[in-house]
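The sequence and structure come next.

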Amino acid sequence: MKLTILGCYAATPRTLTNPTSQLLEIKNHMFLIDCGEGTQVQLRKHKIKFSRINHIFISHLHGDHFFGLPGLVSTFRLLGREKELHIHGPKGIKEAITLLLKLGDSWTNYNLYFHEITSKESILIYEDDKVSVTTIPLSHRVYTNGFLFQEKLGQRKLNITAAEKFKVDKAYYQNIKNGKDVILDSGELISNSKLSLDPDTPKSYAFCSDTAYKPDIVPIIKNATALYHESTFLHTEGALAVKTKHSTAKEAAEIAKAANVKTLILGHYSTRYKSIDLFKTEAEEVFANVELARDGRVLEF
């Protein structure tokens, strides 16, 4: 599971920092999460193939989280995209994007599907045989969801040493990975447990931006491999966080601790602070394993 931070600062773009956008690579999928201004420039900068992005997830309709989307949709068209594109986001996103396409007489030459979300409960919004995506209802000034990306349990692993020991024909290898026992030519039954190893533990990634402190999300993200939680402010500006429905680094750490996640990633920093290292210092007083999102940073789990 690989996460590329394309942008991680709050509000407006600056010369060296970008608003929110991330690319998650999980089980051969490449999911774009939020699409602030300048996202496609960041995608090019990091040599990410546009054609591999088939699903885009938008948390809410504040500009620093989706103003880059119209341009990206348009660029896909100019590049001659043929594959369909799915956009998952709050109700209103279809109207916002299609109005621009209509006014510019620039309808896509590929199928563009909008999956609008209105539920205030956690719901499944995408699933295939490898991954699932569910919403994480958040608390912000407009309707907002985070997203939980979860791997599904994979195949069992072939224990090649055991297979060779029992002289199992290679024709049975796939059946072994599928969990089946093997009957040898002699009639002897070899149980699957002797021929295979447990699959890797499924990984998960929880994306939570933007939101006020909301401890009732803890059961949804319990034991996640990694949690990205906004930390717009430090504890000293807690009153401002309450007023704007954002979180502090300390509050993000409290969520991570309560949910027993493995790694906490902080981001969506206000630019009022001289150093983002202050966020890490504050969070580590509550939760040990803290990483800082930085534009262009790649984290692997």
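A residue counts as buried under 20% relative accessible area, as exposed over 50%, and as partly exposed in between. The model is predicted.

R156 belongs to the loop between β9 and β10, while D198 belongs to the loop between β13 (196-197) and β14 (204-208), so the bridge ties together parts that are 42 residues apart in sequence. D198 itself is exposed, with a relative accessible area of 55%.

The loop between β9 (145-151) and β10 (157-158) also holds K152. The side chain of K152 meets that of E127 in a salt bridge of 2.8 Å, N to O. Because E127 sits in strand β7 (residues 124-127), this pair ties together parts that are 25 residues apart in sequence. K152 is partly exposed at 27% relative accessibility, and E127 is partly exposed at 47%.

A further salt bridge joins the side chains of K214 and D216, at 2.9 Å from N to O. K214 is buried, with a relative accessible area of 19%, whereas D216 is exposed at 51%. The count of salt bridges in the model comes to seven, among them the pairs tabulated here.

| Salt bridge | N to O distance |
|---|---|
| K152 and E127 | 2.8 Å |
| K214 and D216 | 2.9 Å |

Side chains of opposite charge can pair when their charged atoms come close.

**Nonpolar cores**

The largest nonpolar core has 54 residues, and F149, Y205 and L266 touch the most other members. Helix α10 (residues 249-259) contributes the most to this core, with six residues. Another core lies apart from the largest one and has 24 residues, including L32, C35, L43 and V73.

Which residues does Y205 touch, leaving aside those up to four places away in sequence? Its contacts are M1, L3, Q22, L24, I33, F147, L148, F149, A226, Y228 and I265.

**Largest pocket**

The largest pocket holds about 210 Å³ of space. Its lining is made up of 15 residues, of which A10, A11, D64, H246 and H268 are the closest to the pocket centre. By class, the lining has eight polar, four charged and three nonpolar residues.

Technical notes. Residues are numbered from 1 along each chain as its sequence is written. This is a predicted model: local features need pLDDT of at least 70, side-chain atom pairs count only at pLDDT 80 or more; totals for chains, interfaces and linings use all residues. Side-chain values use heavy atoms; hydrogens and water are left out. On a 1 Å grid over the protein atoms alone, a cavity is a set of points where a 1.4 Å probe fits but cannot get out, and a pocket is an open set with protein on both sides within 12 Å along at least five of seven lines; lining residues have an atom within 4 Å of a point. Grid points are joined across faces, edges and corners, and a volume is the space filled by probe spheres set on the points. Ala, Val, Leu, Ile, Met, Phe, Trp, Tyr, Cys and Pro count as nonpolar, Asp, Glu, Lys and Arg as charged, and the others, Gly among them, as polar. A nonpolar core is a set of buried Ala, Val, Leu, Ile, Met, Phe, Trp, Tyr and Cys residues joined through side-chain atoms within 4.5 Å. Buried means under 20% relative accessible area, exposed over 50%, partly exposed in between (1.4 Å probe, protein chains only). Helices (H or I, at least four residues) and strands (E, at least two) are DSSP runs, numbered from the N terminus. Contact means heavy atoms within 4.5 Å. A salt bridge is a side-chain nitrogen of Lys or Arg within 4 Å of a carboxyl oxygen of Asp or Glu.
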